[in-house]
Amino acid sequence: MSFPGALLAYNDLRDWIAALDRAGELRKIRSEADPILEIAEIADRVSKSRSSKFGPGGPALLFQNIKGHPGSQLLINQFGSERRMRLALDVDSLDEISERIRAFMDVKSPQGFLDKVKMLPMLAEMGKFFPRTVSTGTCKEVIKRDNFSLFDFPILQCWPQDAGRFITLPCVITRDPKTGKRNVGMYRMQIYDERTTGMHWQRQKVAAEHYRDAMRNATISSARRASATLAPSAGTSPASAGVDIMARSSGGSVLAEGDRPSGKMEVAVAIGTDPALTFSAIVPAPPDVEEFIIAGFLRQKPVELVKCETVDLEVPADAEIILEGYVNLDELRMEGPFGDHTGFYSLDDLYPVFHITCITHRKDPIYATTIVGKPPMEDGWMGKAVERIFLPLMKLTIPELVDINLPLEGVFHNLMIVSIRKSYPGQARKVMNAIWSLGQAMFTKCVLVVDEDVNVQDLGEVTLKVLNNIDPERDIQFTLGPIDSLDHASRFANYGSKMGVDATRKWAAEGFTRPWPPEIVMDAKTKSVVDGKWKALAKELGIE
């Protein structure tokens, strides 16, 4: 089986930059620019521009004269338009990736020898997805076990009230303590000093769960050692010890009073990878699916990995910069505030501290970064790509789903508009609850559900249909649950209310017994008559 876009994509960030340049999507800035606020302001203006040459989002920017960092280069806005997102994933349309996903999901168990033979090309295709470990890579051209500093890199301060400089486009690599599987996530990292940063993995993210599992394991091991030396009635059972540390530390978000686990969890960070891997770090993948495999699927070739120097993790062999280190299980530090994609500053809070033990990088590394703030910005185009690509996966759980829209102004976790193929009473409410139980979609503050004849990509049509079709008391429901850590309005951090709106046509089986009026539509005969006259009429009216 072959798929559209199957020509192999970019090996590394430099391949990608060269492709952007060839496509006329890159601008090199040789005027001096300051990484403290100034570069962010330039990037913000460009990302909100609408030029005839580049359209919405402007070009990608490669800064080559950075104040305080002679010889350094900085890439920003690399994903900042629909065209560049398609270019990054080497497709003409994001729907091509959706179709590839559907093709793999539609595979049925082979019923005979011929079916098995027909599956061989697909199995060979799948073999391209899995990462491959190599002996070395360009990320190890320079290895620094000491005498290194984060301030060697042109790390940005983006907004005036940010707590300092932040790494904003890192691929943070952790390992599941239970299964050994790796996760690649994207979490901002506040620079504290030359060798330490904050690690802002939000409470419900996969890396945060790895951290909690490490805490549980350390606590349970300590309880087992204690139970081996104490009478059975003394102390706490190992299982209860795990429950206890989660309760006393609020899931690792505060330092527990009294006994708490010690130990470390190893972490590695890759900065400046090929675009498919950087994009994979933000996708809402199931915890059991490594992002390295997703990147391989998107690239149509495996991600090459190398062993770290000081921690037991593997990292992209051709990344520009690698940070190796660990977080302590009994150390938290205030992180933030930070100007976030909500358009507001996310508040300061306690997060783990990343201690760097080694830095490796390419010669003359290119620092890749982004800025987030009031939409539209670069992250919005990445989010819309996630929306399109992963709709088929959502349909696995919610088969009645027709389409979804996450408007940029809803900053992705505040509003989801959903169209469904309604087949039974109450189905819209079933869909709302399914969305709130679906991975990162659990954060969705408002879910609007409409019928399949509504184009959810047309906000004007959605507004007309939703506001006409609802009886607010009857059709709006509220629920409590997890809320995004960046939500400043919820009653508690990470916990608050969510709203669902059933704007589908109501049935008698749902208690609606009044007539439902037809929509206003001109009849086909009249439209045909006017169509025949329209060219002359338009000229007469001056509206050609």
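Q: Is Trp-201 buried or exposed?
A: This is a predicted model, in which local features need pLDDT of at least 70 and side-chain atom pairs count only at pLDDT 80 or more, while totals for chains, interfaces and linings use all residues. Residues are numbered from 1 along each chain as its sequence is written, and side-chain values use heavy atoms, with hydrogens and water left out. A residue is buried under 20% relative accessible area, exposed over 50% and partly exposed in between, using a 1.4 Å probe and protein chains only. Because the relative accessible area of Trp-201 is 2%, Trp-201 is buried.

Q: Which residue is joined to Thr-174 by a polar contact of side chains?
A: Thr-174 belongs to strand β9 (residues 170-175); helices (H or I, at least four residues) and strands (E, at least two) are DSSP runs numbered from the N terminus. Its relative accessibility is 0%, so Thr-174 counts as buried. A polar contact is a pair of N or O atoms within 3.5 Å; within protein, one must be able to donate a hydrogen and the other to accept it, and residues adjacent in sequence count only if both atoms are side-chain atoms. At 2.8 Å, the side chain of Thr-174 has such a contact with that of His-210.

Q: What does Thr-174 touch, not counting residues up to four places away in sequence?
A: Contact means heavy atoms within 4.5 Å. By this rule, and with residues up to four places away set aside, the residues touched by Thr-174 are Lys-181, Arg-182, Asn-183, Trp-201, Ala-207, His-210, Met-265, Val-267 and Leu-313.

Q: At what distance are the side chains of Ser-346 and Arg-188 joined?
A: Ser-346 is part of strand β18 (residues 345-346) and counts as buried because its relative accessibility is 5%. With Arg-188, the side chain of Ser-346 makes a polar contact of 3.0 Å.

Q: What is omega for the peptide bond from Gly-336 to Pro-337?
A: Most residues other than glycine have a negative phi, and most peptide bonds are trans. Pro-337 sits in the loop between β16 (321-335) and β17 (338-339). The bond from Gly-336 to Pro-337 is cis, with omega near 5 degrees.

Q: What is phi of Val-411?
A: Val-411 is located in the loop between β21 (401-405) and β22 (415-420). Its relative accessible area is 4%, so Val-411 is buried. Val-411 is a residue other than glycine with a positive phi, near 45 degrees.

Q: What is phi of Asp-90?
A: The loop between α3 (82-88) and α4 (94-105) holds Asp-90. Asp-90 is partly exposed because its relative accessible area is 26%. Its phi is positive, although the residue is not glycine, with a value near 60 degrees.

Q: How many aromatic pairs are there?
A: Rings of Phe, Tyr and Trp (its six-membered ring) pair if their centres lie within 6.5 Å; planes under 30 degrees apart count as stacked, over 60 as edge-to-face and the rest as tilted. By this rule, the number of aromatic pairs is seven.

Q: Why is the pair of Trp-16 and Phe-79 stacked?
A: The ring centres of Trp-16 and Phe-79 are 6.4 Å apart, and the pair is stacked because the planes stand at 25 degrees. The pair links distant parts of the chain, 63 residues apart, with Trp-16 in helix α1 (residues 13-22) and Phe-79 in the loop between β5 (73-76) and α3. Both Trp-16 and Phe-79 are buried. The angle that makes this pair stacked is therefore 25 degrees.

Q: What is the angle between the planes of Tyr-187 and Trp-201?
A: Tyr-187 and Trp-201 form an edge-to-face pair, 6.2 Å centre to centre. Although 14 residues apart, they link distant parts of the chain: Tyr-187 in the loop between β10 (182-185) and β11 (189-190), and Trp-201 in the loop between β12 (196-198) and α6 (206-229). Tyr-187 is buried because its relative accessible area is 5%. The angle between the two planes is 85 degrees.

Q: How far are the C-alpha atoms of Ile-36 and Phe-292 separated, and what is the value?
A: Ile-36 lies between β1 (26-29) and α2 (38-47), in a loop. Along the chain, Ile-36 and Phe-292 are 256 residues apart. Their C-alpha atoms are separated by 33 Å.
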